[in-house]
Structure formats: C-alpha cells, structure tokens
Amino acid sequence: MARIIAYVFGTLVAVLGIWGFVQSPVLGIFPANTLHSLMHLAIGIVLLGAAAWWPHSSSFCLKIFGTVYAILAILGFVANGDLLLGLIDNSVANSILHTLLGIVFLWAGFMNADRSMRMEEEPIQTPM
C-alpha cells in the first residue's frame with residue numbers, strides 16, 4: 001500500500017512542482033515560488049525513487065514527508081504574511097494542501113508499518 005501511495009502522490013507532487021515553474025499560482029489556487037516548486041519536485045522524485053528502487057523504505061519516506069508536510073501546514077496556518085519561514089510562498093490553500101498531504105502520507109506510512117509488524121508476528125504455517 002505504501003508503495004502505491006508513494007507512486008501516485010510522488011507523481012502528483014512532482015507534476016505540481018514542475019507546474020509551479022510554468023505557472024503560478026498552480027491551478028489558479030496555489031501560489032508557488034521557485035523554492036516551493038523545487039521542494040515539491042524533489043519530494044516527488046524521492047517518493048518515486050523509493051517506490052521504484054527501495055519499496056521497503058516507501059513507508060519510511062511517507063512518514064518523514066508526512067511529518068514535514070504536517071509541520072509546514074501548522075506553520076502555514078499560524079504564520080503571518082505571504083512567505084513561510086521567509087522562503088516559500090504561503091496561502092490558506094497551500095496550508096490546506098499541506099495538511100491533506102501530511103495526513104495521507106502519515107496514514108499510509110504508519111498503516112503499512114502496522115501491517116508489516118503483524119505479518120512478522122504471525123507464525124509461518126507449513127502444510128503437512
């Protein structure tokens with residue numbers, strides 16, 4: 001499950017990152033400066049790489065990026081001004097998107113970890 005989420009959202013986040021270089025605001029809603037677009041592109045590429053070449057680390061990457069997005073969402077809601085940490089464009093729409101990405105990434109990362117732990121605990125039964 002984590003691998004599929006990493007593929008799907010890695011592609012989505014990477015495309016949004018590329019789109020931010022071409023048009024801002026992205027989809028007419030999300031303002032994005034160069035650094036903001038670079039960050040989304042990099043996160044998308046890492047998620048795609050983890051899903052393709054390191055499938056067992058997909059849940060770990062989702063947990064890390066879910067935490068990052070959750071922190072950015074909180075900072076985005078409490079920060080004043082158009083720049084978050086003085087570096088990336090910020091708006092309510094961006095904060096909502098970061099909240100949703102954080103929730104999905106954390107859910108997928110931890111759900112997959114729980115499944116892996118349960119599978120390790122169950123004894124392997126061999127037919128007689």
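Guide: Helix H1 (2–22), helix H2 (34–53) and helix H4 (92–121) each contribute at least two residues to the lining of the largest cavity. Helices here are DSSP runs (H or I, at least four residues), numbered from the N terminus. The model is predicted, so local features need pLDDT of at least 70 and side-chain atom pairs pLDDT 80 or more, while totals for chains, interfaces and linings use all residues. Residues are numbered from 1 along each chain as its sequence is written, and side-chain values use heavy atoms, without hydrogens and water.

A cavity is a set of points on a 1 Å grid over the protein atoms alone where a 1.4 Å probe fits but cannot get out; lining residues have an atom within 4 Å of a point. The whole structure has one cavity of 30 Å³ or more, and the largest cavity holds about 100 Å³ of space. A volume is the space filled by probe spheres set on the points, which are joined across faces, edges and corners.

Among the lining residues are Leu 16, Phe 30, His 36, His 40 and Asn 94. The lining comprises six nonpolar residues, six polar and no charged. Ala, Val, Leu, Ile, Met, Phe, Trp, Tyr, Cys and Pro count as nonpolar, Asp, Glu, Lys and Arg as charged, and the others, Gly among them, as polar.

Helix H4 also contains His 98. This residue, His 98, is buried (under 20% relative accessible area), with a value of 3%. Beyond its neighbours within four places in sequence, His 98 has contacts (heavy atoms within 4.5 Å) with residues including His 36, His 40 and Tyr 69.

Technical notes
1 Å grid on protein atoms, 1.4 Å probe; cavity = no way out; pocket = protein on both sides within 12 Å on 5 of 7 lines; lining within 4 Å. Buried < 20%, exposed > 50% of the residue type's maximum accessible area, 1.4 Å probe, protein only.
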